[in-house]
Amino acid sequence: MSTESVCSPPDLCLNGLIIKPGQQVMTRLVISRLPSGTVIDIPVYVYRAVEPGPTVLLMAGLHGDEVNGIETIRRMVRRQMLQPLRGTIIAIPILNIYGFLNFSREVPDGKDVNRSFPGNPRGSLASRVAHRFMREIMPLIDYGIDFHTGGAARANIPQIRCLLHQDAETDALAEAFGAPFTLHAGLRPGSLRETAMQEGRRIIVYETGESLRLDEPGIDLGIVGTLRVLHYLGMMPEAPAAAQPSVVCMRSTWLRAKYAGLFHSLVHLGQYIEKGQVFGSVADPYGENSVRLESPVAGYIIGLNHMPVVNQGDALVHVGRTDTTPSRADLGIPFEDKPMRPLEIDAEEDEEAGEELMRDGE
């Protein structure tokens with residue numbers, strides 16, 4: 001008798017297993033094999049309450065070098081924090097095992113799993129990973145939190161990214177999470193979030209820190225934010241309240257340099273800067289020239305480049321903006337002693353192509 005013939009509500013079928021209400025299971029989705037023959041599989045933790053309710057996905061490691069989300073879910077699993085009062089929690093600490101083993105965002109063929117959904121069983125390696133997820137996991141879930149970090153040497157302040165003010169359920173999830181910042185982010189082609197929306201599922205993205213570095217405050221905020229979402233859905237008895245209301249940014253701007261050199265930042269994550277404020281400098285490595293950088297926009301520093309050596313086009317600062325239209329109120333106090341030649345900065349809206357270029361988290 002096939003699994004499908006005996007698996008019926010309220011049972012849950014995953015990876016050939018029938019998981020009944022009240023059960024807790026760890027199963028391994030076999031994805032492929034390494035050239036050595038070693039099996040690559042993905043551990044999946046399933047926690048089911050007896051009482052029916054929504055199914056929530058907690059997933060990290062879509063990009064293998066983004067370890068903060070992996071550690072966030074690991075701690076919740078280890079501390080047995082994912083015991084729902086109702087419904088089901090599916091926790092996947094690492095989806096991209098290949099990238100994790102190679103300290104890489106991508107899989108070995110250089111493709112990004114989070115640009116490969118819904119996938120293809122006969123496609124590239126990234127596409128096959130995405131397809132297996134779509135076949136086994138996506139049909140089961142109602143909501144999800146996808147954990148990410150900034151790219152190499154680029155740190156993100158703890159923030160939720162989602163499509164704001166277009167879907168009431170998504171807005172409610174973001175508000176319940178209560179991250180220090182909430183950023184309106186469009187749906188990217190081939191991403192998990194876009195594909196989930198097309199399937200009628202709601203997924204929000206939590207970003208904190210940078211790749212290959214543990215961000216302890218961000219991990220702690222990720223845990224309590226997750227508990228708040230589960231509490232909002234009636235799956236947890238209680239959750240710590242957010243320390244302060246989330247700052248909502250409906251727009252964001254990357255400040256990028258047109259000249260190479262050594263970048264010295266004068267700002268920190270979470271800081272508010274005025275239009276015209278000096279946020280750093282770029283100097284040549286020989287002590288001959290140094291140019292101060294002025295922000296063309298006002299807003300909060302939600303992303304910061306920690307790499308001192310920058311090339312043309314490198315992202316220096318990501319500014320989250322609470323304004324909806326430019327106004328004279330954005331103008332800062334004029335600065336004296338301007339540099340001999342101002343460094344040109346591109347102020348580009350946070351569009352799909354720009355975000356992809358900077359490899360900023362999701």
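In the predicted model described here, Arg 202 is found in strand 10, which spans residues 202–210; strands are DSSP runs of E with at least two residues, helices are runs of H or I with at least four residues, and both are numbered from the N terminus. Residues are numbered from 1 along each chain as its sequence is written. Because the model is predicted, local features need pLDDT of at least 70 and side-chain atom pairs count only at pLDDT 80 or more, whereas totals for chains, interfaces and linings use all residues, and side-chain values use heavy atoms, with hydrogens and water left out.

Arg 202 is buried, with a relative accessible area of 13%, where buried denotes under 20% relative accessible area, exposed over 50%, and partly exposed the range in between, for a 1.4 Å probe and protein chains only. The side chain of Arg 202 makes a polar contact of 2.8 Å with the side chain of Asp 167; such a contact is a pair of N or O atoms within 3.5 Å, of which, within protein, one must be able to donate a hydrogen and the other to accept it, and residues adjacent in sequence count only if both atoms are side-chain atoms. When neighbours within four places in sequence are left aside, the residues in contact with Arg 202 include Asp 142, Tyr 143, Asp 167, Glu 169 and Met 197, contact being defined as heavy atoms within 4.5 Å.

Strand 8 (residues 154–162) and strand 9 (residues 181–184) pair in the parallel sense over four bridges, pairing being assigned if DSSP finds at least two bridges between two strands. Phe 181 in strand 9 stands opposite Gln 159, and Phe 181 also stands opposite Val 247 in strand 11. Strand 11 (residues 247–249) runs parallel to strand 9 and is joined to it by three bridges.

Five aromatic pairs are counted, rings of Phe, Tyr and Trp (its six-membered ring) being paired if their centres lie within 6.5 Å, with planes under 30 degrees apart counted as stacked, over 60 as edge-to-face and the rest as tilted. Phe 177 and Tyr 206 form a tilted pair, at 5.0 Å centre to centre and with 35° between the planes. Since Phe 177 lies in helix 5 and Tyr 206 in strand 10, this pair ties together parts that are 29 residues apart in sequence. Both Phe 177 and Tyr 206 are buried. Tyr 272 and Tyr 300 form an edge-to-face pair, at 4.9 Å centre to centre and with 70° between the planes. Tyr 272 is partly exposed, with a relative accessible area of 35%, and Tyr 300 is likewise partly exposed, at 23%.

Four strands form an open antiparallel sheet in the order 16-15-13-18. Strand 16 (290–294) and strand 18 (309–310) stand at the edges with a single partner strand each, so one side of each is left without a neighbour in the sheet.
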